[in-house]
Amino acid sequence: MIDPTVKKLLESTIQLPIGKASVEEIRSLFKQFSSLTPREEVGKIEDITIPGSEGSIKARVYYPKTQGPYGILVYYHGGGFVLGDIESYDPLCRAITNSCQCVTISVDYRLAPENKFPAAVVDSFDALKWVYNNAEKFDGKYGIAVGGDSAGGNLAAVVAILSKKENIKLKYQVLIYPAVSFDLISKSLYDNGEGYFLTREHIEWFGQQYLRSPADLLDFRFSPILADLNDLPPALIITAEHDPLRDQGEAYANKLLQSGVKVTSVRFNNVIHGFVSFFPFIEQGKDAIGLIGYVLRKAFYGK
């Protein structure tokens, strides 16, 4: 079963012409969709520039209405490594900030195909390292978590692994329907590869834009499920029933568990990939943001 509200959305104009129009046209439509989403009031917003090893990285900082000091969530947007930016993810980051009562820093990493793998990983980790070393600028005294959805979930998982290698201690990782591996055979890909917003064709197209060669599929910075997952921060993994990425997200949760990591894995039934971004229209999206808020408030503040 598909939620009736989700069905209406699928029958409306949310479908993007991925692979059938230019990258610029698809990006423009993606921004138009996000511009229709209501924006919640937060305490304060500021745009900053982070010095990266391969160039400057734009980021947007959201402060909650509550008084500091705060925990900090470094957030990576979705969009298949090709679409999305801090503006199109502004509505979601506002909602997450209010739910978590933390500072959220949304990272505008470089996109493909102009910047192939591992450019997005480099920017994502450079941004995290800078935030970690400059947390006091944001009154961030309660630690740092990483989070992201879809491609951003991939980047959050990867930077959590890279952080371990550089002895950066993270409080938590929030992975929303993350892409964590190359998948041709899972049941969720077979069952949900057509007609549920994100399709198998879309996934293949995104991969062609992002990766340099098939060898990149075996690099843990693209397929974090291939990495050593011991000693990682606790994780919340959110998946959607009618999502081709569902099984790989849940497989990642299982591998984390087998590696001794504390994991909460929640599948939201009757919804599709992207449902959290549709939170003003889909009740389960609001519920997911509420869950993220509960988990991160507990991780940061113990309540």
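The protein exposes about 12,600 Å², and carbon and sulfur atoms supply 52% of that area (accessible areas come from the Shrake-Rupley method with a 1.4 Å probe, and for residues only the protein chains shown count as cover). This is a predicted model, in which local features need pLDDT of at least 70 and side-chain atom pairs count only at pLDDT 80 or more, while totals for chains, interfaces and linings use all residues. Residues are numbered from 1 along each chain as its sequence is written, and side-chain values use heavy atoms, with hydrogens and water left out.

**Overall build**

- You can look for nine helices and eight strands in the protein (DSSP runs numbered from the N terminus: H or I of at least four residues for helices, E of at least two for strands).
- The radius of gyration, 18 Å, is close to the 19 Å that the globule rule gives for 303 residues, so the protein is as compact as a globular protein of that length (the radius is taken over C-alpha atoms, and the rule is 2.2 Å times the number of residues to the power 0.38).
- Along its principal axes, the C-alpha trace spans about 45 × 40 × 35 Å.
- Of the 303 residues, 58% count as buried (under 20% relative accessible area, with exposed meaning over 50% and partly exposed in between, using a 1.4 Å probe and protein chains only).
- Among contacts with a separation of 6 or more, 77% come from residues 24 or more positions apart (a contact means heavy atoms within 4.5 Å).

**Helix α3, residues 90–100**

- Here 10 of the 11 residues are buried, so α3 is largely enclosed by the rest of the structure.
- The buried residues include D90, P91, L92 and C93.

**Helix α4 and D123**

- D123 sits in helix α4, which covers residues 119–133.
- Is D123 buried or exposed? With 3% relative accessibility, D123 counts as buried.
- Leaving aside residues up to four places away in sequence, D123 touches I57, Y109 and R110.

**Helix α7, residues 200–210**

- Which residues of α7 are buried? They are H202, W205, F206, Q209 and Y210.
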